[in-house]
Structure formats: structure tokens, C-alpha cells
Amino acid sequence: MNPQSHTNRTHCIRCGECCMKSSPTLQISDLQLLENGTLRKEQLYTIRAGELIADNIRDELRLTDEELMKLREKPAGGCIFHDADGNACTIYENRPAQCAAFACWDAGEFMRVYDTPKLIRRDLVEDGVLLGLMEKHEERCGYNILEAIVKDVQARGEQALGEILEIMKFDYRLRPFVAEKLSIPSAEMDFLFGRPVVDTITMFGLKVVRDADGGFLLTTLENGGS
Ligand code: SF4
Ligand code: SF4
């Protein structure tokens, strides 16, 4: 959400532009929305520390130094709770704090909310097994680890690329394994483990292609990407 994008407005005209562009990041005060059933974990996804984000506040792409949680977005963009036909928020009475504070002509209240603590996975996960798996996942697939290996690709070539592939496979296989073994909906995996590394690896200028056997191959975005 990008506050102060329309400095000539003085009130909300319910155009829906803000909801069609992106979804909110959740603040700790939004915990109640999960407790009262407005939001479900499968409607959220986690951005892990070290991941590349489009920061609308600073108007730049940057690596986040903190974990963030967002409402999922539609494939074509925009918040999943935006009803395009009715141009309305389907959870308006219970919308997240950033949405309630957002005014595209005045960033003041939005920035006050934005500066309060963010909601993170540990606010929502109490199960010791799951916490342990999240920790193990971070140890194997942390963005700090990936970044260090990517920086080494030029020096170590195939060996470094092989290590990146192993991380991606671990991340990719862990999700269905956890869903099946712990009877958790697959749709919750992006909440538990963040966005799949096979998707986010593009932040390093790399892209995954599948070979004929379904295996992973790594290529650079310049060579095989769009
Ligand atoms: S706050 Fe959002 S819905 Fe309201 S006028 Fe601004 S862009 Fe449109
Ligand atoms: S939760 Fe509602 S107000 Fe917030 S971005 Fe989504 S549709 Fe818009």
C-alpha cells in the first residue's frame, strides 16, 4: 500500500485502487482477526527476513531485515478480499489495521500504524514440532545462506549451483511432507515456510526450469527468464 499517492484528494472516494494494487502487511493488532476467524492462515503468506520486497513506503526494492506477513494476492495482483464486481472489501468491518489507517492523500495515520510491531509466525504457531521445523527450514534455507552461496557462484561454479539446488529441493519437498505427516492444509505452507525458494530465487537473478524428468535446473534470468 502506498500512502500519499493522491495528494489532491481529501477523502476516500472508494475507488478501490489501493486494494487492487497490493495487500496489507499485518501488524500485531491484527492477531485478533485470526482469533475471531476473519482471517485463516491459508489466506496469508510469510516474507522471510532477507527476502526482496517492493517497499512502497520508501518506493524502492530492498531486502527486508524483518519477517513480514501479508494477505495473499490474486494472480493478477490486488488483495484476495477485494471484490472486483462490487468494488468492495469483503471483510471491510474487520479489515486489517493498515487498511483501516490507509488514506491515499495523507500518510500520517498509516505511518503511525506501520511503525507498530508486525505480526510474525511465532505469534500464531505454538506447536513445538512446527516451531522446530520452521527453525530447521531457516537453518537450511535462510536467505542469508542463499545469498552467501550465490556470491560464490563465480568462484566455485557448479559446486555452488549444486548447493543452491539442494536448498531449493529441501524447501520444495518439505512442504508436502509436512502437510501430509501433520495433516495441515497445503495452502498453509506459504504461511509456515514463506514463499517457495523456487519462486523467490529470481531475486538473485536466477531462474528454475524443470527438466524432462521433473528435476530442477538453474539458469540465469538473462538466459532463460522473462
Ligand atoms: S484510500 Fe483507496 S479506495 Fe479510498 S480513494 Fe484512496 S485509493 Fe481509493
Ligand atoms: S483487506 Fe479489504 S481493505 Fe484491505 S486491501 Fe484487502 S480488500 Fe482492501
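User: Which of the 12 residues around ligand 1 come nearest?
Analyst: This is a predicted model, and in it the shell around ligand 1 divides by class into seven nonpolar, two polar and three charged residues. Of the 12 residues around this ligand, those that come nearest are Cys-12, Cys-15, Glu-17, Cys-18 and Cys-104.

User: How many charged residues does the shell around ligand 2 have?
Analyst: Ligand 2 is surrounded by residues including Cys-19, Cys-79, His-82, Cys-89, Arg-95 and Cys-99. Sorted by class, that shell has nine nonpolar and two polar residues, and the charged ones number one.

User: Is Ala-101 buried or exposed?
Analyst: Ala-101 has its place in helix 3, which covers residues 97-101, and, leaving out residues up to four places away in sequence, Ala-101 touches Glu-109, Phe-110 and Val-113. A residue counts as buried if 20 or more other C-beta atoms lie within 10 Å of its own. Because Ala-101 has 21 other C-beta atoms within 10 Å, Ala-101 is buried.

User: What distance separates the C-alpha atoms of Ala-101 and Met-111?
Analyst: Ala-101 belongs to helix 3, and Met-111 is 10 residues apart from Ala-101 along the chain. Between the C-alpha atoms of Ala-101 and Met-111 the separation is 8.4 Å.

User: Which element gives the largest share of the side of domain 1 that touches domain 2?
Analyst: The chain is divided into domain 1 (17-121) and domain 2 (126-224), and the centres of these domains, taken over C-alpha atoms, are separated by 24 Å. Across the boundary, 12 residues of domain 1 are in contact with 15 residues of domain 2. On the domain 1 side the largest share, four residues, comes from strand 1 (residues 44-47).

User: Which residue of strand 4 does Tyr-45 stand opposite?
Analyst: Strand 1 pairs with strand 4 in the antiparallel sense over four bridges. Leu-44, leaving aside neighbours within four places in sequence, is in contact with residues that include Met-69, Lys-70 and Leu-71. In this pairing, the strand 4 residue that Tyr-45 stands opposite is Lys-70.

User: Which residue takes a positive phi in the hairpin of strand 2 and strand 3?
Analyst: Strand 2 (residues 52-55) and strand 3 (residues 60-63) pair in the antiparallel sense over four bridges, and the bridge partner of Asp-55 in strand 3 is Glu-60. The hairpin has four residues between the strands, and the residue that takes a positive phi, near 55 degrees, is Asp-59.

Conventions: Residues numbered from 1 in each chain as written. Chains lettered and ligands numbered in written order. Predicted model: local features only at pLDDT ≥ 70, side-chain atom pairs only at ≥ 80, totals over all residues. Near = placed C-beta within 6 Å. Nonpolar A, V, L, I, M, F, W, Y, C, P; charged D, E, K, R; others polar. Helix = DSSP H or I, 4+ residues; strand = E, 2+ residues; numbered from the N terminus. Buried ≥ 20, exposed ≤ 12 C-beta atoms within 10 Å, placed from the backbone. Contact = placed C-beta atoms within 7 Å. Domains from an automatic or database assignment. Pairing = 2+ DSSP bridges.
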